[in-house]
Amino acid sequence: MTVDAPAQPELRAVVPPHRDTIARRGSVLLSKHPRLRLTLLLSAPLFWLGLVYIAALAALLITALWTVDTFTGTISQTWTLDNIITVLTGSLYQTVTVRTVGVAVLVTVIDIAVALPIAFYMAKVASPRWQRILVIAVLMPLWASYLVKAYAWRSVLSQDGIYEWLVAPFGGHTPGYGLPATIITLSYLWLPYVILPIYAGLERVPDSLLEASGDLGGKTGATLRLVVLPMIWPAIIAGSIFSFSLSLGDYITVNIVGGANQMLGNLVYTNVGAANNLPLAAAIALIPIVIIFGYLAVVRRTGALENL
Amino acid sequence: MRLSRPARAILAGITALILLVIYLPLMVVLVNSFSTSTSLTWPPPGLTLEWWGKAFRSEGALDAVVTSVQIALIATIVSLVLGTLISLALQRFEFFGRDAVSLLVILPIALPGIITGIALNNAFRTILGLQLSIATVIVAHATFCIVTVFNNVIARLRRLGTNFEDASADLGAGLWTTFRLVTFPQLRSALLAGGLLAFALSFDEIIVTTFTAGAGVKTLPLWILDNLFRPNQAPVVNVIAVVLVLVSIVPIYIAQRLAGAEKVPR
């Protein structure tokens, strides 16, 4: 037989015909219906967040409108605005709110001021090797327990602690326990949460932009102010959300280093626990909720929420 | 912008100073774990290994570590799944209420822990009529851990675009195959980074835990809070903190290596 075999079509790469499996059919169905795909993606997380979180928050807010029966100590579901009015007009609540917001703002300002130079050094000056080491150095303290770190500051700032020991020869003294100690400790605790987003934001600023600004005659200060700052602004806001909100609700640090001072968190805590007055606690909790929502609404337009 | 040599030196100096302040309290913790003084006076009057021995024999502490690891692991897994789903939905689709959903993810971390804590406590006990247990802690932790996974994954998805997925679909791969062989491998390091942060967040959480843990559930932070103010236990707590920081180097280092290997030149 000398007949040449025809070109062998079976050697050509052919996409095998699709097997008609259920998985394939499901895949086809989903490809054709993006809305169905979206529904499937969203249903589990929304079920979780909606059921667990939003329902719980809503229930808490409703509780603020109820009252506690003074005899039985149980919650009686009679609608009243008394708790809200108490919280809005009571001088205790006003003083503590101002104190808490003041502490939270100061902590946030301190953290940003400290985070900017170190984040800039990490992202733009350090060699890649050092960059990695510095990120690890900043991340590591996050793993030492929050309580241990707060307690460490209690020990650092105590009358026979290392701070007194260090500054006493120069005539200084430890601030002792009180609001300054609270501010120092909270700034310390939340610092990594502020450094990390700002560092990530700075990493996204291309070096070429800085060079271009320099080539166009921009001095260092002008470049930082006009090029870098606008680009990392969302990252700064993102960091501030952490430090502000974490400080706003804290009650443990102030117990450990704050002396006799109370913050909003303490008022909520005592009303839930010792005073057994959940409705009043819920009404007090409304204060930080309103503040945080206000803050989020203001910063939303900066795109900060995508940088957390 | 070219930073002058002195400017770089000043920045390096500031960085060193900040790191010094960051590590000063940790160093105090380290030294105090060897101190013979139970009231943590400085400088330590003498050195001892007593606390290290006690820490490794303390059943309360070891049990608490196990409980915390269990809670953090499950909460991390749940938040990995939910966080990935929600970031795929928000990144790849336009829909009504998208902003509201992204706010919803952030809310559990943006609102102070005590609010999340009492809200969930109230919901579990009075609305759902559940007993507080280890499961309620896991649910609560997973809720605020979703955001760390979400942020890492959505940032990665934004950078990736859909070209590879489209190519995979054009070549005949189904949705699942595309996810398994194309999308997931590209998300892996983002998932690791987000998961690591979620784990750390859950492992160290105290406020929400206080309000959602059942009577018999002792996580490590709860155990530390119980023992911090006991004179003979405070140094043991210091030992545990030191061990945790040392152990944490390993996962952080691995995550850094992975992130570094994929880094785009700046």
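Predicted model: local features only at pLDDT ≥ 70, side-chain atom pairs only at ≥ 80, totals over all residues.
Trainee: What percentage of the residues in chain B is buried?

Mentor: Chain B exposes about 11,900 Å², with carbon and sulfur atoms supplying 67% of it. Among contacts in chain B with a separation of 6 or more, 69% join residues 24 or more positions apart. Of the 266 residues in chain B, the buried ones make up 52%.

Trainee: Which residues of chain B does UniProt list as "transmembrane region", and how far apart are the end C-alpha atoms over residues 190-216?

Mentor: The unreviewed UniProt entry lists residues 9-34, 64-88, 100-120, 126-150, 190-216 and 236-255 of chain B. Over residues 126-150 the chain is 76% helix and 0% strand, and the end C-alpha atoms are 30 Å apart. Over residues 190-216 of chain B the values are 78% helix and 0% strand, with the end C-alpha atoms separated by 35 Å.

Trainee: What area do chain A and chain B bury between them?

Mentor: The contact takes 98 residues from chain A and 92 residues from chain B. Trp48(A), Tyr53(A) and Trp143(A) supply 10% of the area that chain A buries against chain B, more than any other three residues. Between the two chains the count is 0 salt bridges. Carbon and sulfur atoms account for 77% of the buried area, which is about 8,900 Å².

Trainee: Is Thr15(B) buried or exposed, and which residues does it contact?

Mentor: Thr15(B) lies in helix α1 (residues 5-32) of chain B. Its relative accessibility is 2%, so Thr15(B) counts as buried, the limit being under 20%. Leaving aside neighbours within four places in sequence, the residues in contact with Thr15(B) are Pro117(A), Ile118(A), Tyr121(A) and Leu134(A).

Trainee: Which helix gives the most to the nonpolar patch of chain B?

Mentor: The patch, of about 580 Å², is made by Leu192(B), Leu246(B), Ile249(B), Val250(B), Tyr253(B), Ile254(B) and Leu258(B). One of these residues, Tyr253(B), is partly exposed, with a relative accessible area of 38%. Its place is in the helix that gives the most to the patch, with 6 residues. That helix is α11 (residues 234-261) of chain B.

Trainee: Which elements do the buried residues of α12(A) pack against?

Mentor: In helix α12 (residues 264-272) of chain A, the buried residues are Leu264(A), Gly265(A), Asn266(A), Leu267(A), Val268(A) and Asn271(A). UniProt, in an unreviewed entry, lists residues 97-297 of chain A as "domain: ABC transmembrane type-1", and over residues 97-297 the chain is 78% helix and 0% strand. The buried residues of α12(A) pack against α4 (91-125), α10 (220-248), α11 (252-257) and α13 (278-299) of chain A, together with α5 (113-127) of chain B.

Trainee: Which residues are in contact with Thr182(A), leaving aside its neighbours within four places in sequence?

Mentor: Thr182(A) is found in helix α8 (residues 179-203) of chain A. Thr182(A) is buried because its relative accessible area is 0%. Its C-alpha atom is separated by 27 Å from that of Pro234(A), 52 residues apart along the chain. The residues in contact with Thr182(A) beyond those sequence neighbours are Val254(A), Val257(A) and Gly258(A).

Note on methods
Residues numbered from 1 in each chain as written. Chains lettered and ligands numbered in written order. Heavy atoms only, no water. Patch = residues over 30% accessible without salt bridge, like charges linked within 9 Å, V, L, I, M, F, W, Y side chains within 5 Å. Areas by Shrake-Rupley, 256 points an atom, 1.4 Å probe, with all protein chains shown as cover. Salt bridge = Lys/Arg side-chain N within 4 Å of Asp/Glu carboxyl O. Helix = DSSP H or I, 4+ residues; strand = E, 2+ residues; numbered from the N terminus. Buried < 20%, exposed > 50% of the residue type's maximum accessible area, 1.4 Å probe, protein only. UniProt positions renumbered as here; feature names shortened; annotations may be inferred. Contact = heavy atoms within 4.5 Å. Buried area = accessible area lost by both parts, 1.4 Å probe.
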